[in-house]
Amino acid sequence: MYRYVCKTMLRRLFLSKKVSYQARLFSGNFRYLEVLNNENNVAIVTMKRAPVNTLNSELLSEISSVLTNLDETKCSGMVLTSFSDKVFSSGLDFNEMYESRPATIRTLVSTILEVIIKLYGSPFPTVAVITGHAPSGGCVLSLCCEYRIMVQNFQIGLNVVKLGYSTPLSIVQLMVNTIGHRNAELALTSGRLFTTNEALRVGLIDEIAKDRASAFDKANDFLNQFKVIPPIARHFTKQSMRRALLQDVSINGKIYVEDFVSLISRPKVQELIAAYMANMKNKKKNSN
Ligand SMILES: CCCCC/C=C\C/C=C\C/C=C/C(=O)SCCNC(=O)CCNC(=O)[C@H](O)C(C)(C)COP(=O)(O)OP(=O)(O)OC[C@H]1O[C@@H](n2cnc3c(N)ncnc32)[C@H](O)[C@@H]1OP(=O)(O)O
């Protein structure tokens, strides 16, 4: 009898360990992401592709899977952030765009498009806690969130024109919806990166935080206001606000992807990407 009780207790202990292990598996399953749930059922999604969260197909497809999962599990909100206190994300991975086969570029671009659609159209409220620089693709991810809180002394913006290709139409639209037509035109045609203060002034971000901890406090304040709002009413209102862009990308997405792939594959653009990458390396060498 004693042996039976011990055995049963051990089995229960093993099972309970297994369950909590499985609960942790969701956050441990990813190579470049950490996903934690806080006590309010808010998912904290942290990009952790060192050193600068460059968006390759794998990181983007992990973000896409998490977004599907958070939708299915009816989370109350999501915070998208970075492990780094210097860079939120350095944008799309040049290594998948430079001298790459069209199929590689296509996978990269279709995956960011998938993320844009899911993040921009998510039923739950979303906040970007921008703990460092957010150029190009990094800025796009934050623009898909509903609220942006950025730590002091970094830069954010869409500098793609400097790489010799135009900003895709729906990305232009994201920027126009956020900072208005005039500011977006000036910023996009010059590839302007805004400092944190400038970004607040133009409306590209919503709040400035002195550090990561205070940025998270502000994110919680933003998300807490929705505790008293019926989620379905909130979701439909968000959908109405975002429908035009979502409809456009779901109808024309494939065309946009192909346009972008052929743009990136042009010899002139490839040359500019190579020069840009070399310039980054030189800057680093000179600063060391
Ligand atoms: C609906 C339409 C659908 C179709 C299109 C959809 C979406 C497209 C949307 C927008 C287009 C977006 C395009 C892009 O994102 S292109 C990428 C543009 N990115 C940049 O211009 C930023 C480049 N990086 C930097 O400026 C700096 O790295 C930084 C972010 C300011 C950080 O500086 P820091 O000094 O901290 O780091 P390093 O510069 O030393 O970088 C460390 C290390 O990382 C390498 N690296 C940086 N960025 C990239 C990158 N984007 N791709 C590949 N590699 C990158 C850098 O070279 C260093 O490498 P090393 O080997 O020297 O350690």
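The model is predicted, so I noted its limits: local features need pLDDT of at least 70, side-chain atom pairs count only at pLDDT 80 or more, and totals for chains, interfaces and linings use all residues. Numbering runs from 1 along each chain as its sequence is written, and side-chain values use heavy atoms, with hydrogens and water left out.

I then listed the helices in the shell. α3 (102–120), α4 (137–144), α5 (169–179) and α10 (267–287) each give at least two residues. Helices here are DSSP runs of H or I with at least four residues, strands are runs of E with at least two, and both are numbered from the N terminus.

Next I checked the shell residue by residue. It has 32 residues, and Leu 92, Phe 94, Ser 170, Tyr 276 and Lys 284 come nearest. To count as near, a residue needs a heavy atom within 4 Å of the molecule. I sorted the shell by type and got 19 nonpolar, nine polar and four charged. In this sorting, Ala, Val, Leu, Ile, Met, Phe, Trp, Tyr, Cys and Pro are nonpolar, Asp, Glu, Lys and Arg are charged, and the others, Gly among them, are polar.

Which ligand atom is 2.8 Å from a polar backbone atom of Leu 92? I found an oxygen atom there. An oxygen of the ligand also lies 3.0 Å from a polar backbone atom of Gly 137. At the side chain of Tyr 276, an N or O atom is 2.8 Å from a ligand oxygen.

I turned to the whole chain. I counted 10 helices and nine strands. The C-alpha atoms fill a box of roughly 80 × 45 × 40 Å along the principal axes.

Last, I went through the backbone. Most residues other than glycine have a negative phi, and most peptide bonds are trans. Ala 50 and Pro 51 are joined by a cis peptide bond, with omega about 0°. I placed Pro 51 in the loop between β2 (42–47) and α2 (57–72). Ser 136 is not a glycine, yet its phi is positive, about 45°. I placed Ser 136 in the loop between β5 (134–135) and α4.

Conventions:
A polar contact is a pair of N or O atoms within 3.5 Å; within protein, one must be able to donate a hydrogen and the other to accept it, and residues adjacent in sequence count only if both atoms are side-chain atoms.
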